[in-house]
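Please open the structure and follow the points below in order. Each one names a spot to look at.

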Amino acid sequence: MKPQVEIYDTTLRDGSQGEGINFSVADKLRIAEKLDAFGVHYIEGGWPGSNPKDIEFYAQARRRKFKNARLAAFGSTRKKGVPVESDDQVRLLLEAETPVVTIFGKTSMLHVKEVLRCTPDENLAMIGDTVRFLKDHDKFVIYDAEHCFDGYKLDPEYALATWQAAEKAGADFIVLCDTNGGCLPDEIAAITKVAVSKLNCKVGIHTHDDIGLGVANALASLAAGAVHVQGTINGYGERTGNCNLTSVIPCIAFKLKKSCVPAKSLPKLKELSQFVDEIANMRHSPRQPWVGSSAFAHKGGAHVNAVQKLTTSYEHIDPALVGNRRTVLISDLAGRSNIVIKAQELGFKITNDTPELKAILNRVKELENQGYEYEAAEGSLALLIGKTLRHRKVPFTVETYHVSMRRDSRESICEATVHIRVGKTVHHEVAEGDGPVNALDGALRAALARSFPRLKKVTLTDYKVRILDSGTGTAAKTRVLIQSSDGQHEWGTVGVNENIIEASLQALADSMEYALLRK
Ligand SMILES: [Zn+2]
């Protein structure tokens, strides 16, 4: 069955123009395969006329089989004054051997006069010639009308003439582009309506997020009759980025209730978003709508209490529909419900009627008041709950420790000594490190590994320091958050003290103790 809205992915072309995004050919192929499996309808792989890497991508992509998506090569209309058949950039589009070719051309009189510096008629000829030439070579041709909305506002008659030039030459789609990303949804809807009423071929939309309306503008255009939307995974792209497909796809499916990608793919949306971030080496943004880790995270006590009774009370949709999940955050805003849900999540048997609940909540609020933070320190929170419920014995204690630093003419050396008590045994270890915390971590781990060899697998993956009440200068409190991993799971722990070494030791010891608790 044909979808009501087609999804055109340009992560590999427009997305790669985003700051900090750089894909190798192998990266692009992996992303293309993932997008194909997910079920987008078109994958724009690059601009063969702009760089050899994109030529190489098409050479390799051509040997692969795509099940759902059609590959598109991207380029521009022919140069002014050059016959289309002798334009190198257009020739490279054919050599990419894709079933679809997308070309952009100028809509705006301003760009024709000031940027292209050609006559309005020459621009119309450039559009018509290029579309016709590609159609003559049996391509499915998508015409991207650049600066479409700004151009229409400036000179509606000329804008319309450019779209009609593409249509007359046989374009299969006219895609209206808000290239500078500065239009409002009302303008997008009104101009889309004009295009839909004046053109016989189908109309698509391509938006940018410069004023935070990339997705809203795409939806406005779809409501006004467009049937094809272009965008990028996670909204990568020039400046503030493109229309974010990981937002617009679920909006189309769940809010507009129109078909786009296969229904069975929607629960894989978060995974797709994370996958592409991973390949791009970008941190997955927790505040991304729909797919971010905070998208269904509840913090305020009243919210958590209500969600416990009725999930729809503070959730616009079931998070599982897009592969996300509900989480509960623990903070000084927390109520009993936060603690109960979080404790259950961490594996404790606890209900709203557990008598120790009040003591746990009070302890959390007291410690948060001292500067502890448990939102990212589930490990420390689990230990706190465990201690209050008296569910377990303390596996080890740090009896004494000593950290020293010296510097000679060539280098500085940090050394740490720790004494650990495990039952009746005391282990003593010394370690050197790149800094005091690194040395302490080494000594602590070596001492504990003598009784608990499996702690050798635990590694420190992140270390964050925040100075609290910084008005007091060097006497201020320091909060240390560390992230640890045993290769399979990750957990966070926290320490707070005026002394950064002491705060670090608390977080390190919590991390080891939590690793033992997990089994
Ligand atoms: Zn764009």
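1. Start with a term. Buried means under 20% relative accessible area, exposed means over 50%, and partly exposed lies in between (1.4 Å probe, protein chains only). By that rule Y58 is buried, at 1% relative accessibility. F57 is buried too, at 0%.

2. A word on the source. This is a predicted model: local features need pLDDT of at least 70, side-chain atom pairs count only at pLDDT 80 or more, and totals for chains, interfaces and linings use all residues. Residues are numbered from 1 along each chain as its sequence is written, and side-chain values use heavy atoms, with hydrogens and water left out.

3. Go to the zinc ion. Its protein donors are D14 (OD), H206 (NE2) and H208 (NE2), at 2.1 to 2.2 Å. Donors are N, O and S atoms within 2.8 Å of the metal (3.2 Å for Na, K and Ca); water is not among the atoms, so sites may look incomplete. The spacing of the donor residues in sequence is D-x191-H-x1-H. D14 sits in the loop between β1 (6–9) and α1 (25–38) and H206 in strand β7 (residues 202–207), so this pair ties together parts 192 residues apart in sequence. Helices (H or I, at least four residues) and strands (E, at least two) are DSSP runs, numbered from the N terminus. D14 is buried, at 4%. H206 is buried as well, at 4%.

4. What does the side chain of N242 make a polar contact with? The partner is the side chain of D14, at 2.9 Å. A polar contact is a pair of N or O atoms within 3.5 Å; within protein, one must be able to donate a hydrogen and the other to accept it, and residues adjacent in sequence count only if both atoms are side-chain atoms. N242 is found in the loop between β8 (228–231) and α10 (245–255). N242 is buried, at 2%.

5. Now the rings. The whole structure holds eleven aromatic pairs. Rings of Phe, Tyr and Trp (its six-membered ring) pair if their centres lie within 6.5 Å; planes under 30 degrees apart count as stacked, over 60 as edge-to-face and the rest as tilted. Y8 and Y42 form a tilted pair, 5.4 Å centre to centre with 35° between the planes. Y8 lies in strand β1 and Y42 in strand β2 (residues 42–46), so the pair ties together parts 34 residues apart in sequence. F57 and Y58 pair edge-to-face, at 5.2 Å and 75°.
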